Amino acid sequence: MKTNLTHRPVALAIIGGGAAGMFAAAVAAERQLPCVVFERKARLGSKVLMTANGRCNFTKDIPPDVFIRDLAAGGERGDFAAAAIRELPPRKIIQGFRSLGVAVRRQPDGRMFPADGKAATIVHAFGDLLRDSEVPIIVNAPVIGLQPQKNGFIVATRAFTLWAETVLVATGGLSYPKLGSVGDGHDFARALGHRIIPPRAGLIGVETADPRVTRRAGRRFENGCARVFDGAGRLLYTYAGEVDCETFGLSGAAVYNAERWMEHGKRLAERSSVLSTLSLEVEFDGECVRVDNPVPRPLKEAIVTIGGVATDEVDPETMESRRVPGLYFAGEVLDIDGPTGGYNLTLAFATARKAVVAIAQKRAGAAVGRRKI
Ligand SMILES: Cc1cc2nc3c(=O)[nH]c(=O)nc-3n(C[C@H](O)[C@H](O)[C@H](O)COP(=O)(O)OP(=O)(O)OC[C@H]3O[C@@H](n4cnc5c(N)ncnc54)[C@H](O)[C@@H]3O)c2cc1C
């Protein structure tokens, strides 16, 4: 097997060329931190191309504190990425894409899209930047192993190995595995002693055979509403927005956000052993449909994975593992997720930036230290 072990290690190996991996590579290029990107699929950003039906809602133009508050769900605070978001708030993401020549469009509610409505514009902007910066990108190269060494890591693909001082795992979650996110990052993290919070489907439709829904299958209602109630009939959550009727049941932004809220609520209840029944009430087209203990569609169809690498084992100021020095995580591989509206791409970008800035600073600090000696 070919290896670069006889040479010096590369400063950073980025595993995964999705939203977090592309952003990480862009920040590394800006900071002149030598890096290599490994991508399992034939191209970068396969999932980003699918976002918002190919239109890419890349962030939400709201203040960082509001953004962070919106991440809370089901009694869970969801503020692990708060420091990362404060350093890369939505405004900076918007400015960043503008500076790459991407014209952007703002929806009245703050959701941001490329003005041409094409997710490919975002992926091409990253691709152009990385090519111009001469960042090596190895596609069709699933990483199959990660071995910590005295100095750095050996990153293994089937064809060759690479020696890297630091590694950023940006392999995504488990939703839409056809787009490359098959859970490899969870396996690497688990093998290196990290806890994985069991993955659940987030932002997904729920099943119901209610004829008021199924006879409207294929229809979309912009002014819908979804509410969550506990077993005692108390209103816990409400979200006004789009409701879609499907052959399997209900979907659309209002249902997605309510479903995400319930999944967080369920896992909090499991932790505290206080199990409660939850009901979903969905209003659309003059109807009000109630689903008790709703069953979400499978994780492979979900927009986001709830769960992943336990965040108490990762330093939120650096994204470095507390267990394995030099190992970093960013994006959906972590147990972080947000509602619909550009939150999840923003989380991927912000955590990626936080990791790479920390790696660059640590390296610069080490270089200064060496010079002093
Ligand atoms: C249909 C759909 C629509 C969405 N719409 C939006 C939206 O409009 N706005 C929003 O904010 N979010 C949206 N999301 C969510 C968002 O796309 C994800 O949260 C985000 O892409 C996560 O970024 P990531 O880099 O962590 O993971 P990903 O973007 O999934 O990237 C992970 C990458 O790692 C690669 N990889 C995996 N394992 C390996 C390995 N072993 N070796 C090398 N490479 C590997 C994968 O091939 C993949 O390219 C949507 C998701 C879906 C599925």
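This is a predicted model: local features need pLDDT of at least 70, side-chain atom pairs count only at pLDDT 80 or more; totals for chains, interfaces and linings use all residues.
This report walks through the overall build, the domains, the cores and the ligand shell of the protein.

## Before you start

Residues are numbered from 1 along each chain as its sequence is written.

## Overall build

Let's begin with the whole chain. The protein has 10 helices and 19 strands; helices (H or I, at least four residues) and strands (E, at least two) are DSSP runs, numbered from the N terminus. Along its principal axes, the C-alpha trace spans about 70 × 45 × 40 Å.

The radius of gyration is 21 Å, which agrees with the value near 21 Å for a compact globule of 373 residues. That radius is taken over C-alpha atoms, and the globule rule is 2.2 Å times the number of residues to the power 0.38. Of the 373 residues, 49% are buried. A residue is buried if 20 or more other C-beta atoms lie within 10 Å of its own, exposed if 12 or fewer, and partly exposed in between, with C-beta atoms placed from the backbone.

## Two domains

The domain assignment gives domain 1 (2-200 + 300-372) and domain 2 (205-297); such bounds come from an automatic or database domain assignment. Their C-alpha centres lie 31 Å apart.

Where the domains meet, 10 residues of domain 1 are in contact with 12 residues of domain 2. Two residues are in contact if their C-beta atoms, placed from the backbone, lie within 7 Å. The side of domain 1 that touches domain 2 divides into four nonpolar, three polar and three charged residues. Here Ala, Val, Leu, Ile, Met, Phe, Trp, Tyr, Cys and Pro count as nonpolar, Asp, Glu, Lys and Arg as charged, and the others, Gly among them, as polar.

## The nonpolar cores

In soluble globular proteins, nonpolar side chains tend to be buried together. A nonpolar core is a set of buried Ala, Val, Leu, Ile, Met, Phe, Trp, Tyr and Cys residues joined through C-beta atoms within 7 Å. The largest one has 76 residues, and those with the most contacts inside it include Ile-14, Ala-24 and Ala-352. Helix α10 gives the most to this core, with 11 residues. A second, separate core of 31 residues includes Val-255, Leu-278, Val-291 and Ile-303.

Ala-24 touches several residues beyond four places away in sequence, among them Ile-14, Leu-168 and Ala-330. Ala-26 lies in helix α1 and counts as buried, with 22 C-beta neighbours inside 10 Å. Beyond four places away in sequence, Ala-26 touches Phe-126, Leu-129 and Leu-130.

## Around the ligand

Now for the ligand. It is surrounded by 40 residues, the closest being Gly-16, Gly-18, Gly-172, Gly-180 and Gly-331; a residue is near a molecule if its C-beta atom, placed from the backbone, lies within 6 Å of it. This shell divides into 19 nonpolar, 15 polar and six charged residues.

Helices α1 (19-30), α2 (46-54) and α10 (343-372) each supply at least two residues of the shell, and α2 gives the most, with six. Within α2, Ser-46, Lys-47, Val-48 and Thr-51 are buried. Not counting residues up to four places away in sequence, Ser-46 touches Lys-41, Leu-179 and Gly-180. Just after α2, Cys-56 takes a positive phi of about 60°.
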